[in-house]
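The sequence and the structure are shown below.

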Amino acid sequence: MNRRSFLNTCKIAAFSSVAYPIVSSASKDFAVDSLVLADSVIKKSDLFIENSDFAQFESVRKKLYQVQRHVGYGNFNIISFDLMLKYAKYANNIESFTQKELDFLEKIFYINPTPYGFYGKKVSEKITDTINNNDVVKVSGTGHYLFKGKPEKTYNELRKDIGDTLTLTSGVRSIVKQMKLYLDKIERSDGNITKASKSLAPPAYTYHSIADFDVGKKGLGYDNFTARFALTKEFSQMRKLKYIEMRYTINNKDGVRYEPWHIKVI
């Protein structure tokens, strides 16, 4: 998204309300509530990245991407904020974060997301909170980590009961990882923070940083992160299991879209 398209999007949001068709079929917590990827409405009340923050928004996303490439996708899942800053400072192909960029990162982390329509519980108190490497285990063939204990046990039980067609699509996420995902989601939403916050928790509010994980069907690709996952045989089998539940059910109180792939652990 360039600056011109960003500003044009803001103008559109300010003067119009555009609705998209939604195909729905609801049935308690596990129903398919939408089979359409464009499942939101641009409203006059939607909040966007401020014009004054746009330069930092773009440069921060670029540097987070560079750090991820430098340390590797798997390692980036559990990287701490302070370690990320060190890599950016000392790596030859990355520049240090400027004070304006650090201020922007802190703004995104510490701001109250309620005005965006996100009402979830705050999970991480400080942007510098870390994940202890001794508390996680890397899941072979996925590039992702799980917390030891109940999360790892639950995932192993799922694989045993459903089979190896079920896979881990996202596990442990550090604050830095969630920050990158969140900013990238805002970019794909044309700067619309309200829309982005309905499909991805802000960095301080993700349960991936303490326990939760996502599962999907091997070979389904990105559709594992859409309501289409609820149409799979794997999900049908998950519904029968008594030891798991979804974090974000239909019409959940957190204001997040329905996520049949998101396993609630805590």
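## Overall make-up

The structure is a predicted model, in which local features need pLDDT of at least 70 and side-chain atom pairs count only at pLDDT 80 or more, while totals for chains, interfaces and linings use all residues. Residues are numbered from 1 along each chain as its sequence is written, and side-chain values use heavy atoms, with hydrogens and water left out.

The protein contains nine helices and five strands. Helices (H or I, at least four residues) and strands (E, at least two) are DSSP runs numbered from the N terminus. Along the sequence their pattern reads α-α-α-α-α-β-β-α-β-α-α-β-α-β. Of the 266 residues in the protein, 49% are buried, where buried means under 20% relative accessible area, exposed over 50%, and partly exposed in between (1.4 Å probe, protein chains only). The protein exposes about 13,500 Å², and carbon and sulfur atoms supply 50% of this area; accessible areas come from the Shrake-Rupley method with a 1.4 Å probe, and for residues only the protein chains shown count as cover. A contact is defined by heavy atoms within 4.5 Å. Among contacts between residues at least 6 apart in sequence, 69% join residues at least 24 apart.

Helix H7 covers residues 175–188 and has 14 residues. From its first C-alpha to its last, H7 reaches 20 Å, close to the 20 Å expected at 1.5 Å a residue; the expected span is 1.5 Å times one less than the number of residues. H7 is mostly covered, with twelve of its 14 residues buried. Among them are Val176, Met179, Leu183 and Ile186, but also Lys177, Asp184 and Glu187. The buried residues of H7 pack against helix H2 (54–71), helix H3 (73–76), helix H4 (81–90), helix H5 (99–110) and helix H8 (193–197).

A nonpolar core is a set of buried Ala, Val, Leu, Ile, Met, Phe, Trp, Tyr and Cys residues joined through side-chain atoms within 4.5 Å. The largest such core has 37 residues, of which Leu64, Val67, Met84, Leu183 and Ile186 touch the most other members. H2, H4, H5, H7 and H8 each supply at least two residues of this core. With residues up to four places away in sequence not counted, Leu64 touches Phe76, Met84, Phe97, Val176, Met179, Lys180 and Leu183. A second, separate core has 22 residues, including Leu146, Ile162, Ala211 and Val265.

## Strands

Strands of a sheet pair through backbone hydrogen bonds, either parallel or antiparallel. Two strands count as paired if DSSP finds at least two bridges between them. Strand E1 (residues 136–139) and strand E2 (residues 144–147) are antiparallel and share four bridges. Val136 has Phe147 of E2 as its bridge partner. Four residues lie between the strands of this hairpin, and Gly141 there takes a positive phi near 80 degrees.

E3, E4 and E5, in that order, form an open sheet of three strands with antiparallel pairing. Its edge strands are E3 (166–170) and E5 (262–263), each of which pairs on one side only. E3 is joined by four bridges to strand E4 (residues 213–217), and Leu168 stands opposite Val215 in E4. Helix H6 (residues 150–162) packs on the sheet and touches E3, E4 and E5. The direction of H6 makes about 145 degrees with that of E3; axes are lines fitted to C-alpha atoms, for helices over the stretch in contact, and angles run from 0 to 180 degrees between N-to-C directions.

## Individual residues

| Residue | Relative accessibility | Class |
|---|---|---|
| Thr194 | 6% | buried |
| Ser189 | 8% | buried |
| Asp190 | 37% | partly exposed |
| Asn251 | 76% | exposed |

Thr194 lies in helix H8. The C-alpha atoms of Thr194 and Tyr116 are separated by 4.5 Å, although the two residues are 78 residues apart along the chain. Leaving out residues up to four places away in sequence, Thr194 touches Asp46, Leu47 and Tyr116.

Ser189 belongs to the loop between H7 and H8. Beyond its neighbours within four places in sequence, Ser189 is in contact with Lys195 and Ala196. Asp190 is also located in the loop between H7 and H8. Asp190 has a positive phi of about 60 degrees although it is not a glycine. Asn251, in the loop between helix H9 (233–238) and E5, is not a glycine either, yet has a positive phi of about 55 degrees.
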